[in-house]
Amino acid sequence: PLGTHSPNNTLERDLEHHACLPCPPGTAGDDPTRLTCRACDPGHYCTGCTTTTSPGHNDSLTYQGQQTCPWPALENLGGAQRGGDCKAGTYCPLGSSRQTPCPTGTFNNITTRWNESQCSKCLTDSYNDLEGQKNCFPCGSSSFALPGSTICSCAGANRAFQKTDRKCICEPGFEFFGENMKMSEDDSAIDCQPVFYERCGSDQN
């Protein structure tokens, strides 16, 4: 049946579960002769006992072998075909058993990609510190980033970029004086200055 193979050197052929062996992850048992398991097509992944080299949305091709498949068909690892299309943010080379996430600093918003080179660098003034993303995150008004960045850089010196709100605030030990020379913790592209503390007198601790 689909999802299995029976090599020429198979000795026991009296029963199906002796003769027909499940195809391992990264392959599919859809060779017309069933003599071998074929590598999963680029852009797809096969999780074991897979019934087609291009698993996707046709769940009619289910594994029906008598020998229990030793690899679990978890829902997030493919449907009835035990595999699927490589989703956006990932890529699947020939013979993949799982989806490979695009690295940090890149993104991919198209499905069924098969090479890391198809993961595009984040554009100018955007970043990505996570793997497997289909979009990059924008920098704030006081920060910038070169293509392929994993974090934004603050325009002002001694400032730290905050991923939560995309603001650049003063690093510990530094301060910023805004309008009317009032100390401020607001987001800004102006440099932060070292904090100076008054020297204690001889009678003070």
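Predicted model: local features only at pLDDT ≥ 70, side-chain atom pairs only at ≥ 80, totals over all residues.
**Figure 1. Cysteine 86 and cysteine 92, both buried.** The link of cysteine 86 and cysteine 92 is right-handed, with 80° about the S-S bond. The structure holds 9 disulfides, and the views that follow present others among them.

**Figure 2. The disulfide of cysteine 102 and cysteine 119.** A distance of 2.0 Å separates the sulfur atoms of cysteine 102 and cysteine 119. Because the torsion about their S-S bond is about -70°, this disulfide is left-handed. Cysteine 102 is located in the loop between strand S8 (100-101) and strand S9 (106-107), and cysteine 119 in the loop between S9 and strand S10 (120-121); the pair therefore ties together parts that are 17 residues apart in sequence. Both cysteine 102 and cysteine 119 are buried.

**Figure 3. The disulfide of cysteine 139 and cysteine 152.** The sulfur atoms of cysteine 139 and cysteine 152 are 1.9 Å apart. Their link is left-handed, with -90° about the S-S bond. Cysteine 139 belongs to the loop between strand S12 (137-138) and strand S13 (143-144), whereas cysteine 152 belongs to the loop between S13 and strand S14 (153-154), so the pair ties together parts that are 13 residues apart in sequence. Cysteine 139 is buried, and cysteine 152 is buried as well.

Key. Residues numbered from 1 in each chain as written. Heavy atoms only, no water. Disulfide = S-S within 2.5 Å. Buried < 20%, exposed > 50% of the residue type's maximum accessible area, 1.4 Å probe, protein only. Helix = DSSP H or I, 4+ residues; strand = E, 2+ residues; numbered from the N terminus.
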